[in-house]
Amino acid sequence: MVNIVLIGKQGSGKGTQAKLLANKFNLKHINTGAFFRKHIADKTPLGIIAEKHIRKGELVPDKYVFQLIEESIEPHIKGLVFDGFPRTYEQAIYIVKRYEIDQIIFLDLPVEIARERITSRVECHLCGKTYSLLTAPPIKDGICDNCGSVVGSRADDKPEAIDKRLSEFVEKTNILIDFFDKDGIVTTINANDVVDNVNEKVSKIVGDLI
Ligand code: ADP
Ligand code: ZN
């Protein structure tokens with residue numbers, strides 16, 4: 001059992017890396033943002049509440065995040081990759097009470113580059129595959145390579161919401177690095193590099209734990 005947490009600004013590539021890690025090491029990918037988007041699409045009570053916050057680029061209040069986590073995580077044999085959780089001090093306390101965290105991987109990226117990456121990001125509305133209009137666009141304009149569905153901007157990838165999310169990170173999530181660093185379990189990786197290079201580094205870290 002190995003439990004990994006990826007922390008990084010929006011645009012740092014933590015979703016991409018989490019997915020790669022989960023496939024490679026057969027871990028369960030816990031992506032709270034995607035879980036909320038599924039609730040929003042299904043118009044559940046939790047989705048209706050989350051949508052109001054997400055649209056504005058705010059964090060969803062902790063109690064709803066805990067509700068989401070409780071219903072999403074079943075016991076999983078090989079372990080978990082947390083992507084987008086924890087994001088607040090209270091969430092960090094919550095996770096250490098319930099899970100043995102083996103490693104925090106901090107994907108470090110300057111804020112200007114994060115902003116540039118999110119601005120050029122598009123996502124498939126059906127399967128969730130993400131593309132970068134700058135570096136890795138879909139083969140056919142506006143059409144998902146994976147499933148043929150429509151590709152477009154995420155509702156919260158608008159300029160005002162992007163700035164709000166980046167400042168939420170600085171105000172609320174950055175402190176978690178020091179919080180976990182006390183236990184000596186944080187490794188910082190430069191996320192300002194191509195996907196394969198970042199993947200090589202994070203895979204090495206996780207491979208050594210297994
Ligand atoms: P990003 O990291 O680019 O913001 P995500 O898909 O991870 O994208 O999250 C989208 C939104 O979902 C966040 O802006 C936030 O409103 C909400 N969210 C996701 N995870 C959490 C969390 N752990 N705590 C609070 N809100 C969250
Ligand atoms: Zn698709």
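Predicted model: local features only at pLDDT ≥ 70, side-chain atom pairs only at ≥ 80, totals over all residues.
Colleague: Which residues is I4 in contact with, beyond its sequence neighbours?

Modeller: Contact means heavy atoms within 4.5 Å. Leaving aside neighbours within four places in sequence, the contacts of I4 include L27, L80, F82, I105 and V206. The C-alpha atoms of I4 and V206 are separated by 7.9 Å, yet the two are 202 residues apart along the chain.

Colleague: Why is N26 called partly exposed?

Modeller: N26 has a relative accessible area of 48%, so N26 is partly exposed. N26 sits in the loop between helix 1 (14–25) and strand 2 (28–31).

Colleague: And what is the class of K43?

Modeller: K43 counts as exposed because its relative accessibility is 65%. The loop between helix 2 and helix 3 holds K43.

Colleague: What makes the phi of N26 worth a remark?

Modeller: Phi of N26 is near 55 degrees, a positive value in a residue other than glycine. K43 also has a phi near 55 degrees. Most residues other than glycine have a negative phi, and most peptide bonds are trans.

Colleague: Where is there a cis peptide bond?

Modeller: Between F85 and P86, where omega is about 0 degrees. P86 is in the loop between strand 3 and helix 5.

Colleague: What makes a set of residues a nonpolar core?

Modeller: The residues must be buried Ala, Val, Leu, Ile, Met, Phe, Trp, Tyr or Cys, joined through side-chain atoms within 4.5 Å. The largest such core has 30 residues, and I7, F36, F82, F85, I104 and F180 have the most contacts inside it. Helix 4 gives the most to this core, with 5 residues. A second, separate core has 21 residues, including L27, L109, A191 and V206.

Colleague: Which residues come nearest to ligand 1?

Modeller: T32, R37, E58, R87 and R165, out of 19 residues around ligand 1. A residue is near a molecule if one of its heavy atoms lies within 4 Å of it. Helix 2 (residues 32–41) gives the most to this shell, with 4 residues.

Colleague: How do you know that G84 makes a polar contact with ligand 1?

Modeller: A polar contact is a pair of N or O atoms within 3.5 Å. A polar backbone atom of G84 is 2.8 Å from a nitrogen atom of ligand 1. That pair meets the cut-off. An N or O atom in the side chain of R154 is 2.9 Å from an oxygen atom of ligand 1. For a polar side-chain atom of R121 and an oxygen atom of ligand 1, the distance is 3.2 Å.

Colleague: How much of ligand 1 does the protein bury?

Modeller: Taken alone, ligand 1 exposes 540 Å², and the protein buries 97% of that. Accessible areas come from the Shrake-Rupley method with a 1.4 Å probe.

Methods:
Residues numbered from 1 in each chain as written. Chains lettered and ligands numbered in written order. Heavy atoms only, no water. Buried < 20%, exposed > 50% of the residue type's maximum accessible area, 1.4 Å probe, protein only. Helix = DSSP H or I, 4+ residues; strand = E, 2+ residues; numbered from the N terminus. Polar contact = N/O pair within 3.5 Å; in protein donor to acceptor, adjacent residues only side chain to side chain.
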